[in-house]
Amino acid sequence: MIVLGRILTPYGVKGWLRVHPFGDDPQSWRKMSTWWLSVDPEAATTDWIAYELDALKLHGDGVVVKLVGVDDRAGAEAMQGRYVGAHREGLPSTQPDEYYWADLIGLSVVNAQGVALGRVKSLIETGANDVLVIEDGEQERLVPFIEPVLLNVDVPGGLIRVEWGADW
């Protein structure tokens, strides 16, 4: 399951939900008729519960959604904190130079000098930009996932090249 975001709080009294997206194009989620929810982002695929999307609209720095069957504030309150996911085949396709976080986790990272920095353990959303959490067994590095630092992402090849010192 690819985790796309997290439900924050109810929005109003008719079952709408505020969702914090873990990406920059939540409008494309309209194309996903089925949304999968779980209290645990690492849950087995069989533990995610399917909901049909009724409506989605942008609101502030996130989105608000209406799921079929969640019709009042009490129902929305019961959804707080759940993660939103989708099966890979149900996701909108990415554009060139766009990646789902799940595609980046586990990739090897090397710097411009060819020094191995480790593997992507996770990503952090900071507001300004996303950050790669790279682990090499001995240490953890936080590397900004932005153009001056990012040289190349080769998902099929399992490699990310960055302009980053081995001793930083």
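Entry 1, conventions. I number residues from 1 along each chain as its sequence is written, and my side-chain values use heavy atoms, with hydrogens and water left out. Because the model is predicted, local features need pLDDT of at least 70 and side-chain atom pairs count only at pLDDT 80 or more, while totals for chains, interfaces and linings use all residues.

Entry 2, strands. I took strands as DSSP runs of E with at least two residues, and helices as runs of H or I with at least four, numbered from the N terminus; two strands pair if DSSP finds at least two bridges between them. I found S1 (residues 2-11) antiparallel to S6 (residues 83-86), joined by 4 bridges, with Gly5 partnered by Val84. S1 also pairs with S2 (residues 16-21) in the antiparallel sense over 5 bridges, and Tyr11 stands opposite Trp16.

I looked up the nonpolar cores, meaning sets of buried Ala, Val, Leu, Ile, Met, Phe, Trp, Tyr and Cys residues joined through side-chain atoms within 4.5 Å, where buried is under 20% relative accessible area, exposed over 50% and partly exposed in between (1.4 Å probe, protein chains only). The largest has 22 residues, and Leu4 and Trp35 are among those with the most contacts inside it. A second, separate core of 15 residues includes Leu107 and Trp164.

I counted 6 salt bridges, each a side-chain nitrogen of Lys or Arg within 4 Å of a carboxyl oxygen of Asp or Glu. Asp71 pairs with Lys66 at 3.0 Å between the closest N and O atoms; Asp71 is exposed at 54%, whereas Lys66 is buried at 8%.
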